[in-house]
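Trainee: I'm new to this one and would like to learn how to read it. Could you walk me through some features?

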Amino acid sequence: MNKITVVGTGYVGLVSGTGLADFGNQVVCVDIDTEKIALLQNDEIPIFEPGLKEVVDRNVAHGRLSFSTNIEKAIQESEVIFIGVGTPEGENGEADLTAVFAVAELIAKNLNDYKIVCTKSTVPIGTGEKIINIIEQSKKTNNTFDYVSNPEFLREGAAVQDFLKPDRVVLGVTSEQAVKILRDVYRPLYINETPIITTNVPTAEMIKYASNAFLALKISYINEIANLCEAVGADVHTVAKAMGSDGRISPKFLHPGPGFGGSCFPKDTKALVATSKKLNETIRTVEKAIEVNNNQKSRMVNKLFNLLDNDIDGKTIAVLGLSFKHMTDDVRESAAIEMIEKILGNGGNVKAYDPEGMANMKKIFPDIIYCNDWESAVQSADAGVIMTEWHEFRGLDLVKVKDLLKSPIILDTRNILSMSKLIDLGFTFDNVGRKSVL
Ligand code: UDX
């Protein structure tokens, strides 16, 4: 059993700290955000993450998991410190590492014994070396430490299962000692033969970016194939199904849509391109994936405007889905943001509904109408647009939708509605890469 501190209690830090406790370690999750820590100490979870509360409760009850704002004390009492703070997009697409470096300074000042410093946050390639230098130069004792890059591969909305049952664990290490200790930290996974890939620090950092950027590239690829399907009268669902049957391609991340969002793909692809440009090795494929993604979001707006004969002024649009994907309350970089922006910018009005994302979207668009259910949003709207593939939208009663809308016009950016039903009911509709096929 290892004594661990996880610094940062956001999507990554809180899930990781809870998961590490579930693996039998003694974990304290710390944060400078006193409100967040107070909520956690009061058995409230500050983020929407299915299944997280049960795992938190289980480990708090067993005394393996606690929350504190006393970061220094936690560091002093721990053998392994995980850095799980935010690395938001900064200037020219580079990640903002202010919080990460601040934690490194704190660790240096509280290095009262040998410790392992483990970065879980997604940091640009080469950051590990900077963290090591900061600690070496700022430490107040001669105590030694080792460094590990241990990137996360957590999908929002599936983060708990992704942590407890990962496809692989990546450890970029500076010593064998670090490998031994981290293997013990992840002991339950080690026993059930989850691949634990041990390498050097830059390689581990690269694995994270290469993985995320590839997934983003795959999405931009299928989105462009979908757009071409529209021009040639092909059905992108069938194309994706047949492609995915090839084991080398896999069916995952081949769902066309309004463009990827979230706190990772947009940020990580830009950070990787920024790093590659600085080193004069520009990754043009990822650069293009970003461009394609931006275009895809604008393409969805054009589709809606075309359905309304480019006459949006004074029209009311029901926007169903605000979060960047289903099963999360996170709206960061959601395709719904550009959609709402352009509707409002052209004199339109928005009635929005999302099962989880409305509180976060209100911080961006406080003045649009937020409805308690999809029916209220659709009631008397001139058109509807589905932006997020929530299950309740997959089962929309289209007869009811038609009755509630002023006119039967709907844009399905997630291809979740039955085209045959839309046609039978006389809807004017569009989607992504399928409309021309009956
Ligand atoms: C992603 C990575 O999947 C995860 O491994 C990494 O640790 C963090 O970033 P996340 O951003 O939470 O996770 O969500 P993900 O499920 O990957 O979806 C990202 C975006 O791509 C969403 O906007 C989603 O709607 C979109 N997407 C995903 C598609 O448009 N098509 C797909 O087939 C899959």
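Mentor: Let's start with phenylalanine 253, which sits in the loop between α11 (236-244) and α12 (265-278). Helices (H or I, at least four residues) and strands (E, at least two) are DSSP runs, numbered from the N terminus. This is a predicted model, where local features need pLDDT of at least 70 and side-chain atom pairs pLDDT 80 or more, while totals for chains, interfaces and linings use all residues. Residues are numbered from 1 along each chain as its sequence is written, and side-chain values use heavy atoms, with hydrogens and water left out.

Trainee: What phi does phenylalanine 253 have?

Mentor: A positive one, about 60°, although phenylalanine 253 is not a glycine. Asparagine 310 is another non-glycine with a positive phi, of about 55°. Look for asparagine 310 in the loop between α13 (284-307) and β9 (316-320).

Trainee: Is asparagine 310 buried or exposed?

Mentor: Check the relative accessible area: under 20% is buried, over 50% exposed, and in between partly exposed (1.4 Å probe, protein chains only). Asparagine 310 has 54%, so it counts as exposed. Phenylalanine 253 has 27%, which makes it partly exposed. Proline 202, in helix α10, is partly exposed too, because its relative accessible area is 45%.

Trainee: How far apart are proline 202 and isoleucine 4 in space?

Mentor: They are 24 Å apart, C-alpha to C-alpha, and 198 residues apart in sequence.

Trainee: Let's turn to the ligand. How many residues surround the ligand?

Mentor: To count, a residue needs a heavy atom within 4 Å of the molecule. Here 18 residues surround the ligand, and the closest are Glu156, His255, Phe324, Lys325 and Arg414. They divide into 9 nonpolar, 3 polar and 6 charged. In that sorting, Ala, Val, Leu, Ile, Met, Phe, Trp, Tyr, Cys and Pro are nonpolar, Asp, Glu, Lys and Arg are charged, and the others, Gly among them, are polar.

Trainee: Which helix gives the largest share of the shell around the ligand?

Mentor: Helix α10 (residues 201-232) does, with 3 residues.

Trainee: How do I read a polar contact?

Mentor: Look for a pair of N or O atoms within 3.5 Å; within protein, one must be able to donate a hydrogen and the other to accept it, and residues adjacent in sequence count only if both atoms are side-chain atoms. The side chains of serine 263 and glutamate 156 make such a contact at 3.1 Å. Serine 263 is in the loop between α11 and α12, and counts as buried because its relative accessibility is 15%. As for the ligand, one of its oxygen atoms is 2.6 Å from a polar backbone atom of glutamate 156. Polar side-chain atoms also lie 3.0 Å from a ligand oxygen in glutamate 152 and 2.9 Å from one in lysine 325. Taken alone the ligand exposes 660 Å², and the protein buries 93% of that. Such areas come from the Shrake-Rupley method with a 1.4 Å probe; for residues, only the protein chains shown count as cover.

Trainee: How many disulfides does the structure hold?

Mentor: You'd look for two cysteine sulfur atoms within 2.5 Å, and the structure holds 0 disulfides. For cysteine 29, the nearest cysteine sulfur belongs to cysteine 118, 14 Å away. Cysteine 29 is buried, because its relative accessible area is 0%.
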